[in-house]
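Please read it alongside the sequence and the coordinates.

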Amino acid sequence: MDDSTLYPSGLRLDGRRVLVVGGGEVAQRRVPQLIAAGADVHVVSPDVTPAIEGLVGSGEVSWHRREFAEADLAEAWYAVAATDDAGVNQRVSAAAEQHRVFCVRADDAQQGTAWTPAVGRHDGLTVAVLGSREPRRSAALRDEVVEGLREGRLGSAPERPRTAGVTLVGGGPGRPELMSIAGYQALMEADVVVADRLAPRELLGDLPDDVELLDVAKLPRGRSAQQEAINQVIVERALAGSRVVRFKGGDNFVFGRGYEEVIACREAGVPVTVIPGLTSPVAVPAVAGIPVTHRGITHDFTVVSGHLPPGHPESLVAWDAIARMQGTVVLMMAVHNAPAIATALVEGGRAPGTPVAVVCDGTMPTERTVLATLGTLADQLEAERVQAPAIIVVGEVVRVAHPEVGD
Ligand code: SAH
């Protein structure tokens with residue numbers, strides 16, 4: 001059949017029985033979308049992949065552990081022939097024809113009576129691209145359309161009802177691509193953006209011209225005064241009817257004082273939403289090629305603020321306990337106090353030869369990694385003139401990535 005005579009249609013499969021014959025990789029790719037459509041999915045196959053078995057275990061699909069039989073089509077509204085045997089698929093589609101059930105042939109789309117499009121969704125729209133001969137081209141086009149919708153280049157959205165409020169958006173460790181899609185959308189829809197020094201600044205250049213951009217660095221100095229001023233400005237602007245985004249580096253709840261802002265909004269009756277970000281103590285080492293856990297090496301990792309030195313009267317960190325643990329220690333805001341922290345960890349029982357990696361400007365073009373051990377950290381930081389922002393990873397995971405450390 002010629003592609004151009006195909007009649008596109010959207011099916012409501014919720015609660016309706018759908019037959020999937022075959023339990024391999026192909027079926028595995030089709031089944032989740034059928035489940036998402038609410039279909040009553042019945043898989044007929046002597047064997048299924050572990051992933052499908054998982055769906056059976058969780059009650060999301062029914063599995064009939066046997067060969068296909070024509071009676072399987074009796075109650076079905078829709079069928080997918082997804083075995084790796086063309087003969088079986090042929091029998092399924094012939095039987096489907098008899099029963100007037102539309103049937104997809106996963107092995108040879110041309111032979112089926114229904115085709116599966118490449119599907120994408122955005123903001124209440126479903127994009128489906130049908131093209132049996134070039135599935136990659138269909139998928140690429142689907143991606144382009146969805147991206148265009150997302151970025152507002154295509155199908156400019158009708159004015160949405162404006163919901164004033166505050167959204168805390170985590171910008172990730174620095175490189176713009178490392179923030180979430182949800183976070184980016186919230187940012188682009190904001191009327192007011194209150195941004196921090198560590199938030200991915202390049203993205204602010206994408207903001208429409210009429211967006212009010214407030215730079216926290218320009219607010220009054222002093223840790224509590226500044227936070228007070230931020231709380232006040234986000235609440236005021238939201239009460240005046242604006243959509244406010246509080247844009248921070250990493251995740252707003254990881255040493256970001258985000259929850260103080262949540263409390264301030266709640267007290268003022270301002271709706272507040274949270275969109276998490278990739279947090280730097282995990283993402284920065286990852287991008288630098290250092291895992292925070294590794295099988296057989298560590299069963300824990302601890303993220304600690306080093307903004308106060310060990311022994312400081314206001315410190316809430318039990319450095320002696322951390323020293324006694326085995327696992328990875330990730331230090332943040334710790335460049336200044338790193339020598340004192342290294343000393344405390346060694347005094348508490350960690351070996352002076354414990355490897356250390358200092359990742360500076362993680363994910364940015366200026367990123368670099370300085371290697372040391374607890375014993376040499378102070379000297380290395382000075383020799384390499386390390387400055388914030390940096391993530392300091394302490395533990396044997398560093399040696400997994402850098403066997404040469406400490407040589
Ligand atoms: N909310 C942020 C952390 C804020 S505290 C998050 O979830 O990541 C600031 C500290 O984060 C810095 O002192 C530094 O230790 C770390 N940091 C954040 N971004 C970083 C980056 N790109 N490279 C290295 N360290 C980073």
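The model is predicted. On that cut-off, 19 residues surround the ligand. The chain is divided into three parts: domain 1 (3–116), domain 2 (167–275) and domain 3 (282–401).

**Domains**
- The centres of domain 1 and domain 3, taken over C-alpha atoms, are separated by 53 Å.
- Domain 2 (167–275) and domain 3 (282–401) each give at least three residues to the shell around the ligand.

**Ligand shell**
- The closest of the surrounding residues are Pro-173, Val-254, Thr-279, Ser-280 and Ala-390.
- Sorted by class, the shell around the ligand holds 12 nonpolar, five polar and two charged residues.

- A polar backbone atom of Gly-249 lies 3.1 Å from a nitrogen atom of the ligand.
- Thr-279 places a polar side-chain atom 2.7 Å from an oxygen atom of the ligand.
- For Gly-362, a polar backbone atom is 2.8 Å from a nitrogen atom of the ligand.
- The ligand exposes 540 Å² when taken alone, and the protein buries 92% of that.
- Two or more residues of the shell come from each of helix 8 (280–287) and strand 17 (390–394).
- Helix 8 provides the largest share of the shell, three residues.

**Helix 7**
- Which residues of helix 7 are buried? In this helix (residues 258–267), they are Gly-258, Glu-261, Val-262, Ala-264 and Cys-265.
- An α-helix has 3.6 residues a turn, so residues three or four places apart point the same way.
- Arg-266 and Glu-267, on the other side of helix 7, are exposed.
- Gly-269 follows helix 7 and has a positive phi, near 75°.

**Leu-168**
- Leu-168 belongs to strand 8 (residues 165–170).
- Is Leu-168 buried or exposed? Its relative accessible area is 0%, and burial means under 20%, so Leu-168 is buried.
- From C-alpha to C-alpha, Leu-168 and Gly-183 are 8.7 Å apart in space, and they are 15 residues apart in sequence.

Note on methods. Residues are numbered from 1 along each chain as its sequence is written. This is a predicted model: local features need pLDDT of at least 70, side-chain atom pairs count only at pLDDT 80 or more; totals for chains, interfaces and linings use all residues. Side-chain values use heavy atoms; hydrogens and water are left out. Buried means under 20% relative accessible area, exposed over 50%, partly exposed in between (1.4 Å probe, protein chains only). Helices (H or I, at least four residues) and strands (E, at least two) are DSSP runs, numbered from the N terminus. Domain bounds come from an automatic or database domain assignment. A residue is near a molecule or strand if one of its heavy atoms lies within 4 Å of it. A polar contact is a pair of N or O atoms within 3.5 Å; within protein, one must be able to donate a hydrogen and the other to accept it, and residues adjacent in sequence count only if both atoms are side-chain atoms. Accessible areas come from the Shrake-Rupley method with a 1.4 Å probe; for residues, only the protein chains shown count as cover. Ala, Val, Leu, Ile, Met, Phe, Trp, Tyr, Cys and Pro count as nonpolar, Asp, Glu, Lys and Arg as charged, and the others, Gly among them, as polar.
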